[in-house]
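Me: I would like to learn how to read a few features of a protein model, and I hope you can take me through them slowly.

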Amino acid sequence: MDLGRHLHELFTLRRSAVICLLLATLAALNMIYRLPSFQPRAVEMASATTEVLVDTHKSAVHDLRQGSSEFQKMTNRAVLIGNVMASPPVLLYIGRRAGVNPQIIRAQPPLTVDFPRPLSGFGEDPKTRDLLRSTDQYRIDIQANPTVPILQVYAQAPNAKAAATLANASVAGLRDYLEATAKEQGTPAGDVVRLSPLGRAHGKVITGGIRWQLAFVTFIIVFGLSAATAVLLSRIQRGWKEADAFEEAFEAADQLPARSA
């Protein structure tokens with residue numbers, strides 16, 4: 001009932017109601033488009049996943065002569081490789097493969113028993129404005145399988161295609177880095193760690209419909225705040241006029257005895 005009364009009071013102020021509607025509409029549009037160019041904002045979030053086997057040149061998976069101790073060594077090596085993937089030098093190769101500025105890629109190295117809590121990821125230092133553009137970022141989360149030498153790579157990007165590209169580029173960029181460093185240090189090709197992707201990544205949007213939901217919520221909030229402000233200002237202005245009218249009437253009544261005398 002109070003809401004209906006307030007809305008009725010607002011729409012008696014036709015000019016204020018129109019201004020409130022325009023402000024709310026512009027705010028809603030500004031959340032999903034970059035005004036005045038009307039370029040779509042990256043408000044959706046997509047993810048992609050891929051896996052990579054960390055192996056030797058002579059595959060330990062195929063060679064039955066390899067024992068459990070060799071697998072444990074490669075599992076430990078996979079943790080090391082996962083941390084290397086999240087380092088700034090590798091992010092340069094990943095960004096080159098993905099066509100993304102490596103400074104905006106945030107990478108989280110794998111967790112282990114010794115380090116069960118996430119460490120600070122590499123990439124651009126977090127800033128307060130990141131809260132407003134959290135979906136417009138490129139993130140890589142690397143996890144190491146504790147029993148086998150397999151790394152899981154989870155990528156996040158503004159759209160499904162970019163997420164899949166980033167996930168696949170993470171493996172390819174890491175391979176590029178390992179090959180480049182092995183060549184610089186003269187490491188024989190047979191002694192270089194081999195990365196075998198277990199399939200290609202496929203991205204998918206995980207916040208479908210968020211664009212119009214965000215626009216609707218923004219419209220309601222801005223319209224409510226602007227309408228409340230308009231009604232409050234109208235009441236203040238009306239009360240001010242009533243106070244002036246009362247003061248004038250009081251002064252006029254106070255002057256009546258003097259005129260009659």
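**Reading faces and surfaces**

Reply: Let us begin with one residue of this predicted model: Ile 221 is partly exposed, its relative accessible area being 48%, and Ile 221 is found in helix H6, which covers residues 210–260.

Me: Which residues form a nonpolar patch on the surface with Ile 221?

Reply: The patch is made up of Phe 216, Val 217, Ile 220, Ile 221 and Leu 225, and together these residues have about 500 Å² of accessible area.

Me: How should I read the length of a helix such as H2, and what span is expected for H2 at 1.5 Å a residue?

Reply: The idea is to set the distance from the first C-alpha to the last beside the expected span; for H2, with 19 residues (14–32), that distance is 28 Å, close to the expected 27 Å.

Me: Which residues of H2 are buried, and which are exposed on the other side?

Reply: Buried here means under 20% relative accessible area, and in H2 the buried residues are Ala 17, Cys 20, Ala 24, Ala 27, Ala 28 and Ile 32. Viewed down the axis of H2, these buried residues fall within an arc of 130°, so they line one face of the helix. On the other side of H2, Arg 15 and Leu 22 are exposed.

Me: Where is Tyr 33 placed, and how many residues lie between Tyr 33 and Ala 215 as a separation in sequence?

Reply: Tyr 33 belongs to strand S1 (residues 33–34) and is partly exposed, with a relative accessible area of 22%. Tyr 33 and Ala 215 are 182 residues apart in sequence, while in space they are 10.0 Å apart, C-alpha to C-alpha.

Methods: Residues are numbered from 1 along each chain as its sequence is written. This is a predicted model: local features need pLDDT of at least 70, side-chain atom pairs count only at pLDDT 80 or more; totals for chains, interfaces and linings use all residues. Side-chain values use heavy atoms; hydrogens and water are left out. Helices (H or I, at least four residues) and strands (E, at least two) are DSSP runs, numbered from the N terminus. The expected span of a helix is 1.5 Å times one less than its number of residues. Buried means under 20% relative accessible area, exposed over 50%, partly exposed in between (1.4 Å probe, protein chains only). The arc is that of the directions from the helix axis to the C-beta atoms. Patches are made of residues with over 30% relative accessible area and no salt bridge: like charges are joined within 9 Å, nonpolar side chains (Val, Leu, Ile, Met, Phe, Trp, Tyr) within 5 Å. Accessible areas come from the Shrake-Rupley method with a 1.4 Å probe; for residues, only the protein chains shown count as cover. A salt bridge is a side-chain nitrogen of Lys or Arg within 4 Å of a carboxyl oxygen of Asp or Glu.
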